[in-house]
Amino acid sequence: MKQFCFIVAYVAASMAGNQPASPPGAAFPGAQSEWKGYPRYDFELADRPVTVVTPVNKAGGTPWLWRGEFFGAFPMVDEALLKRGWHVVYMACPNTFGSPDTIKRWLKLYQDLTRNHGFSPRPVLLGMSRGGLYVYSWAAAHPDKVGLIYGDAPVCDVKSWPGGKGKGKGSPRDWELFKQLFGLSEKQALEWRRNPIDILAPIARARIPILHVAGDADDVVPYEENTLVLKQRYEALGGHMELIVKPGV
């Protein structure tokens, strides 16, 4: 519980005092339903399904949490921020590993939300598991459009997952899908230098804070091959990163 409270407080504090007053936004299109007691809107943008969950009482500046993958999975932080007046956003681009095409679609969503709905220009990015590939690709390409990166057991090196070339189990199916999507041979995939651990320089120059939560017994996305390497490299570049390690998890 203490760790959870720290996560929510750290994420919220990262945006406190950094939110200009937002103008009234346009109404969201698409179907309206409910998620965890909050209004939910589902619509299509850039040929992809988009979900926006709105708070009951909007916080000043319209802060938002942008999920890279797995909307609704382990949603404790999402719910806590909604209670504080944040929005939660997700664009469904599954199994694309943060590809350049996905980042182009994300840009269209970002532009729509900031221009037409008054959203903060610096969202908090949530990269859960493979979602780490999405949020770091976005942050490296658009460091001026990120307030904080929050990683929850995030993939930081494809050689670890889905490649399974180290301690982790890997995913042969996803490894083949990754290589096919990016047009890489086995050798090229192993030499690929667009992993989160490889693209930290622009993120560090923008002084984007990072928070990761990881389990030290994770055998799917091993902590030592992902979060720990990223932390060492980010701090070597002068970046600030908070890390919560869950023993035995």
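Visitor: To begin with, what percentage of the 249 residues of the chain count as buried?

Guide: This is a predicted model. Of the chain's 249 residues, 55% count as buried. The accessible surface amounts to about 11,000 Å², and carbon and sulfur atoms account for 53% of that area.

Visitor: How many helices and strands does the secondary structure of the chain comprise?

Guide: The chain has eight helices and nine strands. Contacts across the sequence can be read as well: taking those between residues at least 6 apart, 70% join residues at least 24 apart.

Visitor: What is the general idea behind pairs of charged side chains?

Guide: Side chains of opposite charge can pair when their charged atoms come close. In this structure, a search of the whole model finds 15 salt bridges.

Visitor: Which residue forms a salt bridge with Arg67, and how far apart are the closest N and O atoms?

Guide: The partner of Arg67 is Asp78, with the closest N and O atoms 2.7 Å apart.

Visitor: Where do Arg130 and Asp174 lie, and what does the pair tie together?

Guide: Arg130 and Asp174 form a salt bridge whose closest N and O atoms are 3.7 Å apart. Arg130 sits in the loop between strand S6 (124-128) and helix H4 (131-141), whereas Asp174 is in helix H5 (residues 172-182); the pair therefore ties together parts that are 44 residues apart in sequence.

Visitor: Are Arg130 and Asp174 buried or exposed?

Guide: Arg130 is buried, as is Asp174. In terms of the cut-off, each has under 20% relative accessible area.

Visitor: Which residue forms a salt bridge with Glu186?

Guide: Glu186 pairs with Lys165, and the closest N and O atoms are 3.1 Å apart. This pair links distant parts of the chain, 21 residues apart: Glu186 is in helix H6 (residues 186-190), and Lys165 is in the loop between strand S7 (148-152) and H5.

Visitor: What relative accessible area does Glu186 have, and what is the value for Lys165?

Guide: Glu186 has a relative accessible area of 30% and is partly exposed. Lys165, with 46%, is also partly exposed.

Visitor: Which residues are linked with Lys165 and Glu186 in a network of salt bridges?

Guide: The network links Lys165 and Glu186 with Glu176 and Lys179.

Technical notes
Residues numbered from 1 in each chain as written. Predicted model: local features only at pLDDT ≥ 70, side-chain atom pairs only at ≥ 80, totals over all residues. Heavy atoms only, no water. Helix = DSSP H or I, 4+ residues; strand = E, 2+ residues; numbered from the N terminus. Buried < 20%, exposed > 50% of the residue type's maximum accessible area, 1.4 Å probe, protein only. Contact = heavy atoms within 4.5 Å. Areas by Shrake-Rupley, 256 points an atom, 1.4 Å probe, with all protein chains shown as cover. Salt bridge = Lys/Arg side-chain N within 4 Å of Asp/Glu carboxyl O.
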